[in-house]
Amino acid sequence: MSDVVGDSIDALVESWEGIRLCYQDSANAEYDRAVLDCVARLAEEPGGEQAWLWVFGSVITAPYLTWLPGDGVMDAAVKALRAADAVLRAQPCTHVSHPYETHTDEDDEALLDVFSPLANEGEEWEEPRPREEWLCPRNVAGFARIALDILNPGSVADVPARLPVEAVEQIDELSSLLEGYPKWSTDVDDEIAAQGWALSTADPEELAGRVLVVRAVSWHAIWDTERKSVLDDLIEGLEKALASYGRVSCEHDPDDHPRLPDSGPIAAEQGILLSYAVGRARYERSPRGREEPLEVLLCPAFIAAVAQESLDSLTKCRDQRFGAGDASQSNVDS
């Protein structure tokens, strides 16, 4: 490693980790400078000895760029990453496989641990894949494409599909809320009501997942909300979902339908995961997906029954707390 070692690389990684942890910020001048410095160094030598450092740094900081960065920052990052991909992918390689081929969003945090041992050959290497595979130009090119895919989900076909940043944020937001420790910036009632809105406008392929999310947040709404409109929005979403399903039936034995999670955070995460094509594919590859096939979990008759059960509970709560009403009055707040 020629010019970024020791304390210098530690400081860089620390700054990138800070951006990763607080990526929801927008137009943050400090973050913009850090990202621009990273991609400028990559653009200067896209095929250089340190390209891996700036590419991996770009993967870590890419989520921030999906949240309205400063003017020109996104364009600079995309240009540098495309240049690095082109140069590095053209270099020779004898490896059968590379770490980027199995790297998903769940592995991004672990990526922080490889910077120091990659920069210092004398440091102990603990990763299962060899150091030379990580430093291989083809692998670095793959990570450049991963960063590009974060910036524009679905734009790269040959890297592991990942949940959009918005989905990861939804899972994090709802998990904190349903565990009883909402983020300081969260309006709890608005966040709960938003799940009803999302269900009301859901496309057919995401409908089942959105029903499961509403099921998860309905427990919190029933016990804690003091706003009638929150209940109304959830009820309206469920009513629209049931209208979409119509009269459905299935040939499954009742015991074939899965037992859904009783934990709010886990149930919400499952619902959001199943709202996205990438998430559904990930579920199918998981151990649970093998035990409870996706087609059974998303059985229209089963999901309609779940929706009806949640609708009945929410309607009962609303009518007892605020008096009998219907979702057409959802704009009236109590």
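This is a predicted model: local features need pLDDT of at least 70, side-chain atom pairs count only at pLDDT 80 or more; totals for chains, interfaces and linings use all residues.

I count two residues as in contact when heavy atoms lie within 4.5 Å. On that basis I looked at contacts between residues at least 6 apart in sequence, and 75% of them join residues at least 24 apart.

Overall look. I found 17 helices and zero strands. The C-alpha trace spans about 70 × 45 × 30 Å along its principal axes. Of the 334 residues, 50% are buried.

Charges next. I get 27 positive and 64 negative side chains, with the centres of the two sets 4 Å apart. Then I checked Asp32, which sits in helix H2 (residues 29-44). Asp32 is buried but has no salt bridge; Arg33, the nearest side chain of opposite charge, is 7.8 Å away. Leaving out residues up to four places away in sequence, Asp32 touches Ala27, Tyr64, Pro69, Gly70 and Val73.

My count is ten aromatic pairs. I call Trp16 and Trp54 edge-to-face because their planes stand at 80 degrees, with the ring centres 6.1 Å apart. Trp16 belongs to helix H1 (residues 7-21) and Trp54 to helix H3 (residues 51-65), 38 residues apart. Both Trp16 and Trp54 are buried. Phe56 and Trp134 also pair edge-to-face, at 5.9 Å centre to centre and 85 degrees between the planes. That pair links helix H3 to helix H7 (residues 131-135), across 78 residues. Phe56 has 0% relative accessibility, so I log it as buried; Trp134 is at 7%, so it counts as buried too.

Which residues form one aromatic cluster? I noted Trp16, Trp52, Trp54, Phe56, Phe115, Trp134 and Phe143.

Notes:
Residues are numbered from 1 along each chain as its sequence is written. Side-chain values use heavy atoms; hydrogens and water are left out. Helices (H or I, at least four residues) and strands (E, at least two) are DSSP runs, numbered from the N terminus. Buried means under 20% relative accessible area, exposed over 50%, partly exposed in between (1.4 Å probe, protein chains only). Lys and Arg count as positive and Asp and Glu as negative; His and the chain ends are not counted. The place of a charge is taken as NZ of Lys, CZ of Arg, CG of Asp or CD of Glu. A salt bridge is a side-chain nitrogen of Lys or Arg within 4 Å of a carboxyl oxygen of Asp or Glu. Rings of Phe, Tyr and Trp (its six-membered ring) pair if their centres lie within 6.5 Å; planes under 30 degrees apart count as stacked, over 60 as edge-to-face and the rest as tilted.
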